Structure formats: structure tokens, C-alpha cells
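Visitor: I'm new to this one. Could you walk me through how to read a few of its features?
Guide: Happy to. Let's have a look together.

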Amino acid sequence: MSTPPSPASPARSLAAVNADIRALWQRGGRLSPEGRREYERLLAEWAAVVRGDGVEAA
């Protein structure tokens with residue numbers, strides 16, 4: 001799975017976050033508990049990019 005950006009690094013592009021979300025779902029259609037946590041993290045990152053804060057949400 002991908003690693004989250006460090007607080008000092010620039011925010012990833014919306015396309016990069018979307019690609020990670022798509023890849024996560026293409027692994028079988030159902031998420032394990034670990035996959036679910038990764039999905040929630042990616043959604044928070046996606047929302048931060050959309051808002052323009054560039055800060056990963058908790």
C-alpha cells in the first residue's frame with residue numbers, strides 16, 4: 001500500500017490519491033480491516049486535497 005506523505009512534504013495530487021483509492025478497491029472488491037483503515041486514510045487525504053489545505057486529515 002502507499003505511504004502517507006510526511007507533514008513536511010507537499011500534498012499529493014488529487015489524481016494520485018484517486019489512483020490509490022481505485023487500486024485499493026481493485027484488489028478484490030471487499031476490504032479487510034487494514035484495507036478499510038487505508039481507505040479511510042485515503043478519503044481523508046482526498047478531502048484535504050479538495051479543500052486545498054494540503055494537510056492530511058486525521
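Guide: Keep in mind that this is a predicted model. Let's start with a contact: the side chains of glutamate 45 and arginine 12 make a polar contact at 2.7 Å.

Visitor: Where does glutamate 45 sit?
Guide: Look in helix 2, which covers residues 33-51.

Visitor: Is glutamate 45 buried or exposed?
Guide: Buried means under 20% relative accessible area. Glutamate 45 has 3%, so it counts as buried.

Visitor: What about rings? How many aromatic pairs does the structure hold?
Guide: There is one aromatic pair. Its partners are tryptophan 25 and tyrosine 39, with 5.3 Å from centre to centre and 80 degrees between the planes. Planes over 60 degrees apart count as edge-to-face, and that is how this pair is classed.

Visitor: Which parts of the chain does the pair link?
Guide: Distant ones: tryptophan 25 belongs to helix 1 (residues 14-25) and tyrosine 39 to helix 2, 14 residues apart.

Visitor: Why does tryptophan 25 count as partly exposed?
Guide: Partly exposed lies between the buried limit of 20% and the exposed limit of 50%. Tryptophan 25 is partly exposed because its relative accessibility is 33%. Tyrosine 39, at 17%, is buried.

Definitions and conventions. Residues are numbered from 1 along each chain as its sequence is written. This is a predicted model: local features need pLDDT of at least 70, side-chain atom pairs count only at pLDDT 80 or more; totals for chains, interfaces and linings use all residues. Side-chain values use heavy atoms; hydrogens and water are left out. Helices (H or I, at least four residues) and strands (E, at least two) are DSSP runs, numbered from the N terminus. Buried means under 20% relative accessible area, exposed over 50%, partly exposed in between (1.4 Å probe, protein chains only). A polar contact is a pair of N or O atoms within 3.5 Å; within protein, one must be able to donate a hydrogen and the other to accept it, and residues adjacent in sequence count only if both atoms are side-chain atoms. Rings of Phe, Tyr and Trp (its six-membered ring) pair if their centres lie within 6.5 Å; planes under 30 degrees apart count as stacked, over 60 as edge-to-face and the rest as tilted.
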